[in-house]
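I opened the notebook today to look up two kinds of contact. One lies inside a chain, the other between chains.

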Protein chains: 4
Amino acid sequence: MTRIRLGMVGGGNDAFIGGVHRIAARIDDRFELVAGALSSTPEKAQASGQALGLERIYDDFKQMAIREARLKNGIEAVSIVTPNHVHYAAAREFLKRGIHVICDKPLTSTLADAKKLVKAAEASDALFVLTHNYTGYPMVRQAREMIASGQIGNIRVVQVEYPQDWLTQNETFKQAEWRTDPARSGAGGSTGDIGTHAHNLACFVTGLRVESLAADLDAFVPGRQVDDNGHVMLRFEGGAKGMLWCSQVAPGNENALRVRVYGDKGGLEWAQEDPNYLWYTPFGEPKRLITRNGSGAGDAAGRVSRIPPGHPEGYLEGFANIYTEAANAIEARRAGTELDNAVMYPTIQDGLRGVQFIDACVRSSQRNAAWVTL
Amino acid sequence: MTRIRLGMVGGGNDAFIGGVHRIAARIDDRFELVAGALSSTPEKAQASGQALGLERIYDDFKQMAIREARLKNGIEAVSIVTPNHVHYAAAREFLKRGIHVICDKPLTSTLADAKKLVKAAEASDALFVLTHNYTGYPMVRQAREMIASGQIGNIRVVQVEYPQDWLTQNETFKQAEWRTDPARSGAGGSTGDIGTHAHNLACFVTGLRVESLAADLDAFVPGRQVDDNGHVMLRFEGGAKGMLWCSQVAPGNENALRVRVYGDKGGLEWAQEDPNYLWYTPFGEPKRLITRNGSGAGDAAGRVSRIPPGHPEGYLEGFANIYTEAANAIEARRAGTELDNAVMYPTIQDGLRGVQFIDACVRSSQRNAAWVTL
Amino acid sequence: MTRIRLGMVGGGNDAFIGGVHRIAARIDDRFELVAGALSSTPEKAQASGQALGLERIYDDFKQMAIREARLKNGIEAVSIVTPNHVHYAAAREFLKRGIHVICDKPLTSTLADAKKLVKAAEASDALFVLTHNYTGYPMVRQAREMIASGQIGNIRVVQVEYPQDWLTQNETFKQAEWRTDPARSGAGGSTGDIGTHAHNLACFVTGLRVESLAADLDAFVPGRQVDDNGHVMLRFEGGAKGMLWCSQVAPGNENALRVRVYGDKGGLEWAQEDPNYLWYTPFGEPKRLITRNGSGAGDAAGRVSRIPPGHPEGYLEGFANIYTEAANAIEARRAGTELDNAVMYPTIQDGLRGVQFIDACVRSSQRNAAWVTL
Amino acid sequence: MTRIRLGMVGGGNDAFIGGVHRIAARIDDRFELVAGALSSTPEKAQASGQALGLERIYDDFKQMAIREARLKNGIEAVSIVTPNHVHYAAAREFLKRGIHVICDKPLTSTLADAKKLVKAAEASDALFVLTHNYTGYPMVRQAREMIASGQIGNIRVVQVEYPQDWLTQNETFKQAEWRTDPARSGAGGSTGDIGTHAHNLACFVTGLRVESLAADLDAFVPGRQVDDNGHVMLRFEGGAKGMLWCSQVAPGNENALRVRVYGDKGGLEWAQEDPNYLWYTPFGEPKRLITRNGSGAGDAAGRVSRIPPGHPEGYLEGFANIYTEAANAIEARRAGTELDNAVMYPTIQDGLRGVQFIDACVRSSQRNAAWVTL
């Protein structure tokens, strides 16, 4: 089995998420990073590529797409890890040349771009994988499996939240800068950066779509141009209700993504900061702690776990699971075989729904938190 | 110091909250229960009164008010622990005769009654104490004190929730029965029974009032006539925003009242099920665990604590603190002295705001979760 | 049912444990405190008695015993809450006059006194109840019941610990003073004050006796005359093994009493600071959280619980359960009826074993932690 | 920077720890696995090597050492991940040929072998790195740094434990089989497999050595030939005392390694299953939660962290840190530069002390838990 040849757009020296993608791609040894256009600044692109020992270094993602598509052993897949506003243009170039795309979230910085990218993906033979990485956590898979099998009954209530505190004050460092600039991040601030994760997680775990929402967004830090706190009421198809809270101004919260789902037969709770635990209460019985690979954990979690229970896997392994699922799909394509049913990864449709979620939040908030449909 | 002579309305043999009030009144030995109209069923009133060894047993609260007011050593205060719809009529009888009232929440089952009761209280020399008992927990006092002193800065976000699971299915036992009957509980189900606690706690801790809210209420259990789940977005005076969730259909939650407050300088978190802990994060520093009577706990918590840190006080001691604060106020009245500034208890105004909260939730929900003012 | 007339020896104004006993006696309304010899200093005895509104105040416990025994409505029971070295002399006076004794732990300050007190109790018709209060916690009862019914199988390992930090430095306040004076506390410091609680809890929960132990005791604070840290290996009858750690010099621990029991079929864990929870793992299944009065809790816990699950009961309620069990026993004596099998309280034999435990720890430590039998 | 060429001995298809080593070596991209003698069964060695796409596959570690040493681009380092009894013979072959050794723990299965291996390492120019992987966790480094800088003062008490439950019953699968066979695992069962980790962790964090110990070991499962539970009292140089508990028969424990250290100025607590948290209590102040890369975390933790606080790193990243420290050391050798002071990894001396610990436990237990020196 030869490793999948991978390129990367974005992820230069001082970026955060590029390094995460590279580790994630490496953990299960299914990819080999060989080419990159790691920065829009040529010198930085060169320096960053050399630091990583890349075989082929580009100053520009379009050049990279054109050239790699022509090479005999050009890249088979590309990771796009730029700020949001670049996703569309970059992804399009690779999709149109049949190179699989693994793209960071949110899908794009505007809804118009998202729709165009969906078309581009539909017109392409290449795969599109969105790194809603939290769906890679084994116990998130476990929750989804339990819900799908009816263990908590009909879903009534979904509480999801993703508070952080790093933008409590007016920060000027790089990570903060582009994320609070609507030209680069899109119209949503916290809603786009982390609200989309919360929305995606709620939908992934329950298997339900949000039909409509009412959102009250705020930019609490003076001068901030995008929301840093979002309060959202959710109505799901089929009648379940929910609340979503995202915040970047909640001191004491690092990445406190948490989802709780309640049905007429039981409840489930999961928290990203302690990801190896899933709390399950069958109504009328004591709460149970299901651990990754431990007693009570099922197949869906087991197939994306690496080590025994009690040895925690973390964020990078969850992220790696998205890459490994992408590898499974790419290799099935290579081999012309059918993809195993158990393989799961966030698709471009999930990405579109994420951008629709941001768009709906912004529209609702502008109308005093009126209900809007997604 | 002689004990305050106390009567009780409601709280017969199979009631829950009456027994809680009696223990709460006893813990600090400031009251003596001497009279009661413990049930609206005469035989039950008699039997219940005898089981408690009461000196004077009544079949009817009005008789009790009339007679006790005339006795030389009649009751000085009365606890009203009936279903909600009886609060108004009962409280009025005692207030009009100068007998202090300690009343369970919500204040009344209708907003009209609440307003009338406020007038009755204003026209009376007697004190009115509402048992929003969670404000009696030492670490809730600690949180209030820290916020008042500016330790978390200007408040931006308040997240409060009170999920339970006991009404997940269609229950028919007594506690469930009257609480799900709008004629006795009022128009709010979960909003009235526990949402009011959450609302009161958020306001007590922050010192802020809710100006407007948007509520999406549901009765998930088929046939239920009042809400069993409430999702509410809050706007506080001064610009803070919040979310409130109350539910009686969330399996795995017993009495999971929890409040989190975030300002521009720090954050606080408290949970009723683990009430001796307060989590405090000064922005940019590690999270701290402040314990009741432990290092870092201040005067407001200390004056309502009885035992050393690490020896948990619980629900009954928190409840007792409301009784003891009532005793402090009653004794100051007796003695004609000024009440110590540190004494705090929920007032009839808090009760009115609680009924306004329920009313606003119901109105908002009927209008598709439109914003309504309190 | 008339309340049991209670006296108290010790527990004057600035004592800690006396106040705890008084609240504990009051919570379930089975006792009435009518007499006391609250201090060995006459003025303090008077002042303390008056502050409590006692009917009869004594300067001396012997006078009190003599006189109360002769009164028609003299006390039926006495609580002894003095420093340890007074327990024997005080208890003897009441036992010999047929007055029931409720005595704080450890039973006495010397093994010789303990043995004499056992004889005095055997010669008396009166009951002797030792306030090893942690056995009053509902979830401790739950653990005992589950173990007795075989739910964790044959016990192999028992880990028990009671760390505190209040004596980390050289304290001079009253509570610290007598507890670090071997003339008043006995030869054990931390072993006597808290190690005995840990020992008692381990034995109560498992139903096993410690056969022998090896103890390594230290007085880490310079100048301290009794141990402030104890490391003890335990061998139980039947082959189970255990470790016991008690410490008063472990910063970050308030009253972190905790017991863990492991058998060939499962495990149990309980911690005093979060006493409403019992963790139960049937081997090969997920860990379960059993809550007081919640799903999965049994009769033994239920009969000593007052309020619904999720409303925490605490230290005072656990302590009150000992008093209420004492009341059950005293009233059965009054009535000449047989005591309900479910009633449980620590006896003088438990007290003797506690003093034997201290004595064994001290002897073992003096012999370089050699094994000694109890 | 070219990757370090790595070989592996052991770690064939159905082994557990070999796969962990391979991921750990890959995470930071400093190694390239090129050769292996993955099994002592030739067919399995071949099949396993092919499955991994190794360039050079050997049936025998000695052949591998001989041949790789002669190759121009032979391996620079070898990972030894066999059962314990093979460590000595394998390591010796590589050390004597100047190939760096990264070896699993315990160092060897006998003390005699350990001493010989120390000599072999001293005689070699190659580095020897022992994968006491828990010392790679960032918050373990944090704890060590805080203790070294005096933040908890003079150490008095060290409580360390490593309970598991996987050998509660008589298991026959591969992982269980060799670990309970004294011929392959050595004389210690739980003491060797996990007790050594606990011992190493306590020493690493505190910077102290164990001078003597008293151990009470048991084989609770009938027929088991090595201990499955160990109770050990510790005496450290300088007067600190400790307890160590290791168990493989404690239901409800997966890999519950935990260390607590108490000094005269403060206390620290860390648990392997929640490794991103370090609890720190400065005496007399509230407990603080220091998180990996969060506020309050220092340089020692920061240099071995990859991602922001609140995104958990886990067991594999901790393990990877040992590999990356090894890479740092190997590259410094390559370059002839001095090794950065901050680099830390477990050495062969740590390995020797680990085997001495096992040996001391076994000797002490055979003598009824008498004190023995290490």
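How many residues of domain 1 of chain A are in contact with domain 2 of chain A? I note first that this is a predicted model. I looked up the pair and found 14 residues of domain 1 in contact with 15 residues of domain 2.

I then asked which elements of chain A give two or more residues to the domain 1 side. They are α4 (84-95) and α5 (111-122). The largest share of that side comes from α5(A), with 3 residues. I sorted the side by class as well: 7 residues are nonpolar, 5 are polar and 2 are charged.

For the bounds, I wrote down 4-126 for domain 1 of chain A. Domain 2 of chain A is written in two pieces, 137-307 and 352-373. I also looked up the spacing of the two domains of chain A. Their centres, taken over C-alpha atoms, are 27 Å apart.

Next I turned to chains B and C. How many residues of chain C are in contact with chain B? I found 25 residues of chain C in contact with 25 residues of chain B.

On the chain C side, I looked for elements that supply at least two residues, and noted α1 (17-27) and α11 (315-335). The most comes from α1(C), which gives 4 residues. By class, I recorded 10 nonpolar, 7 polar and 8 charged residues on the side of chain C that touches chain B.

Definitions and conventions:
Residues numbered from 1 in each chain as written. Chains lettered and ligands numbered in written order. Predicted model: local features only at pLDDT ≥ 70, side-chain atom pairs only at ≥ 80, totals over all residues. Domains from an automatic or database assignment. Contact = placed C-beta atoms within 7 Å. Nonpolar A, V, L, I, M, F, W, Y, C, P; charged D, E, K, R; others polar.
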